[in-house]
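Keep the picture beside you as you read.

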Amino acid sequence: GGSFVGKRVLAEEKERGPAWQLVGIEVDWESLEQCYREVGLPPRLPSVPFRSSVPLYVGGRQIGYATSGTWSPLLKKYLALAHVEAAYARPETEVYIEVTVEHRRKQALARVAALPFFNPERKKA
């Protein structure tokens, strides 16, 4: 193809890979429970999926954000979709998701998960 504005930048990204990646996030139940226990409340799961930007951290630095999340009754897990810096996109990477409890911001442990969250054998047959 010919020359166009942005060609060099796109070629560089193709070479090194994208700076950000879409990943799954599994929130650690015990860690979430602890965030609520600290203020004397039982954990509350969202009754409807959230669709707002929720920060993700590693070592106190924001490395991405969850864009949507909900409790999965099928998998019995609190799941979210997130955009993270490529360095943190590997499955099982530990991250912290911001949780607001009684108007206080806390952080619950979570792990990067491969997508799709549910990929049954019967679908592949």
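Strand 2 and strand 3 form a hairpin with two residues between them, and G59 in the turn has a positive phi of about 60°. Helices and strands here are DSSP runs numbered from the N terminus, a helix being H or I with at least four residues and a strand being E with at least two.

A word on the background: this is a predicted model, in which local features need pLDDT of at least 70 and side-chain atom pairs count only at pLDDT 80 or more, while totals for chains, interfaces and linings use all residues. Residues are numbered from 1 along each chain as its sequence is written, and side-chain values use heavy atoms, with hydrogens and water left out.

**The sheet**

Strand 2 covers residues 54-58 and pairs with strand 3 in the antiparallel sense over five bridges. Two strands pair if DSSP finds at least two bridges between them. One place to look is L56, whose bridge partner in strand 3 is G64.

Strand 3 (residues 61-72) is also joined to strand 4 (residues 77-85), by eight bridges, and these two strands run antiparallel. Here A66 stands opposite A82 in strand 4. The hairpin of strand 3 and strand 4 has four residues between the strands, and K76 takes a positive phi near 55° in that hairpin.

Now zoom out. In what order do the six strands close into a barrel? The order is 1-4-3-2-5-6, with antiparallel pairing. On average, neighbouring strands of this sheet are turned by 45° against each other, direction ignored. Axes are lines fitted to C-alpha atoms, for helices over the stretch in contact, and angles run from 0 to 180 degrees between N-to-C directions.

**Helix 2 on the sheet**

Helix 2 (residues 29-37) packs on the sheet and touches strand 1 (20-27), strand 3, strand 4, strand 5 (94-101) and strand 6 (104-113). The direction of helix 2 makes about 180° with that of strand 6. Contact means heavy atoms within 4.5 Å.

Which residues of helix 2 are buried? They are S31, L32, C35 and Y36. Seen down the axis of helix 2, these buried residues fall within an arc of 145°, so they line one face of the helix; the arc is that of the directions from the helix axis to the C-beta atoms. Strand 1, strand 4, strand 5 and strand 6 are among the elements that cover them.

**How open are some residues?**

The table lists a few residues with their relative accessible area. Buried means under 20%, exposed over 50%, and partly exposed in between, with a 1.4 Å probe and protein chains only.

| Residue | Relative accessible area | Class |
|---|---|---|
| W20 | 42% | partly exposed |
| D28 | 22% | partly exposed |
| S31 | 17% | buried |
| Y65 | 29% | partly exposed |
| T93 | 14% | buried |

**D28 and S31**

D28 is found in the loop between strand 1 and helix 2. D28 caps the N-terminal end of helix 2, with a side-chain oxygen 3.4 Å from the backbone nitrogen of E30. The side chain of D28 also reaches the backbone nitrogen of S31, at 2.8 Å. A polar contact is a pair of N or O atoms within 3.5 Å; within protein, one must be able to donate a hydrogen and the other to accept it, and residues adjacent in sequence count only if both atoms are side-chain atoms.

Leaving out residues up to four places away in sequence, D28 touches L109, A110 and R111, while S31 touches Q107, A108 and L109.

**T93**

T93 is found in the loop between strand 4 and strand 5. A polar atom of the T93 side chain lies 2.6 Å from the backbone oxygen of R90. Leaving aside neighbours within four places in sequence, T93 is in contact with Y88, A110, R111 and V112.

**An aromatic pair**

The structure holds two aromatic pairs. Rings of Phe, Tyr and Trp (its six-membered ring) pair if their centres lie within 6.5 Å; planes under 30 degrees apart count as stacked, over 60 as edge-to-face and the rest as tilted. One of the pairs is W20 with Y65, which is tilted, at 6.3 Å centre to centre and 55° between the planes. W20 lies in strand 1 and Y65 in strand 3, so this pair ties together parts that are 45 residues apart in sequence.
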